[in-house]
Amino acid sequence: MIELYTAATPNGHKVSIALEELDLPYDMHVLSLSDNEQKQPWYLALNPNGRIPTIVDRANDNFTVFESGAILIYLAEKTGQLLSSDPKERSRSLQWLMFQMGGIGPMMGQANVWYRYWNETYQPAIDRYQNEVKRLFGVLDSHLKGRQFLTNELSIADIANWAWVRIYDWSGIDIKPFPHLQRWVERLDERPAFQRGINQPAAEYEQEDKATSFVKGARNMLTK
């Protein structure tokens with residue numbers, strides 16, 4: 001049994017998607033980020049960085065792993081799935097995983113902050129991060145031309161990038177100029193495990209009646 005400490009964010013959904021794809025049993029604990037539950041002492045004992053997600057592998061002496069990319073690698077290695085044993089193919093998957101960790105996630109996260117959450121409109125910051133997201137989308141779009149996945153088969157790299165790219169609209173980005181990327185997003189969206197994963201837990205920003213309160217909570221969290 002895997003204990004998953006998470007919240008309804010792309011980083012949290014990376015892990016729940018992987019767990020669903022790997023068909024691993026897990027027990028989910030949802031943290032309230034707006035209430036700063038991730039900063040409580042009991043959670044910091046698991047994850048010193050005070051972020052989600054974190055897993056505890058009860059079947060491996062309660063081994064704890066934090067940082068979403070590290071968790072994906074751990075789960076792939078634990079099961080022998082979603083990460084090729086071929087050294088070159090493995091490296092390609094890890095390269096695209098790091099592309100998400102160092103680029104897609106941080107840039108879309110900043111675009112979300114300035115476009116959605118900041119109390120004042122500061123257009124230079126919005127333009128800066130939205131333009132960088134578009135550049136990164138262009139990299140993915142070019143790479144995905146004629147490809148089903150980022151590497152030769154579905155891997156943790158696809159899961160990590162998809163969990164973020166799929167919320168392009170929340171960052172104020174139009175995906176239509178990136179047709180290969182759009183097809184990839186739609187193709188992975190058809191996978192039952194991906195659909196289950198993004199609802200563990202379901203994101204309030206994707207629910208029309210809860211989106212406004214979610215933004216309010218995000219703004220409150222930023223001030224803390």
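**Entry 1: Glu3**

I looked up Glu3 and found it buried, at 11% relative accessible area. I note here that the model is a predicted one. Which residue does the side chain of Glu3 meet in a salt bridge? The partner is Arg58, with 3.7 Å from N to O. That passes, because the cut-off for a salt bridge is 4 Å. Glu3 sits in strand S1, residues 2-6. Arg58 sits in the loop between strand S3 (54-57) and strand S4 (63-66). The two are 55 residues apart in sequence, so the pair ties together separate parts of the chain. I then checked the accessibility of Arg58, which is 39%, or partly exposed.

**Entry 2: the neighbour of S1**

I stayed with S1 and looked for its pairing. Strand S2, residues 26-30, is joined to S1 by five bridges. The two strands run parallel. Opposite Glu3, I found Asp27 of S2. I traced the chain from S1 through H1 to S2 and got a right-handed β-α-β crossover.

On the way from H1 to S2 I stopped at Asp23, which lies in the loop between them. Its phi is positive, about 60°, although Asp23 is not a glycine. Is Asp23 buried or exposed? I read 68% relative accessibility for Asp23, so it counts as exposed.

Leu82 belongs to the loop between helix H3 (68-79) and H4. Its relative accessible area is 14%, so I logged Leu82 as buried.

How many salt bridges does a search of the whole structure find? I got seven. I followed up two more of them.

Arg191 and Glu21 meet through their side chains at 2.8 Å, N to O. This pair links distant parts of the chain, 170 residues apart. Arg191 is in the loop between helix H7 (179-189) and helix H8 (192-197). Glu21 is in helix H1, residues 10-22. I read 28% relative accessibility for Arg191, which makes it partly exposed. Glu21 is buried at 18%.

Next I took Arg135 and Glu132, whose closest N and O atoms are 2.8 Å apart. Both are in helix H5, residues 123-144. They are three residues apart, so about one helical turn separates them. Arg135 is partly exposed at 46%, and Glu132 is buried at 17%.

**Entry 3: Arg183**

I looked up Arg183 and placed it in helix H7. At 42% relative accessibility, Arg183 is partly exposed. Which side chain does Arg183 join in a polar contact of 2.7 Å? It is that of His180. I also took a C-alpha distance from Arg183 to Leu144. It came to 9.1 Å, for residues 39 apart in sequence.

**Entry 4: helix H4**

I checked the length of H4, residues 87-117. It has 31 residues, which at 1.5 Å a residue should span 45 Å. The C-alpha atoms at its ends are 42 Å apart, and that agrees. I then looked for a bend. H4 has a kink of about 35°, centred on Gln100.

Ser93 is another H4 residue I inspected. Its relative accessibility is 2%, so Ser93 counts as buried. The side chain of Ser93 makes a polar contact of 3.4 Å with the side chain of Thr151.

**Entry 5: cis peptide bonds**

The bond from Ile52 to Pro53 is cis, with omega near 5°. Pro53 is in the loop between helix H2 (41-44) and S3.

Technical notes:
Residues numbered from 1 in each chain as written. Predicted model: local features only at pLDDT ≥ 70, side-chain atom pairs only at ≥ 80, totals over all residues. Heavy atoms only, no water. Helix = DSSP H or I, 4+ residues; strand = E, 2+ residues; numbered from the N terminus. Buried < 20%, exposed > 50% of the residue type's maximum accessible area, 1.4 Å probe, protein only. Polar contact = N/O pair within 3.5 Å; in protein donor to acceptor, adjacent residues only side chain to side chain. Expected span 1.5 Å × (residues − 1). Bend = angle between axes of the 7 residues up to and from the residue. Pairing = 2+ DSSP bridges. Right-handed = clockwise from strand over helix to strand, strands pointing away.
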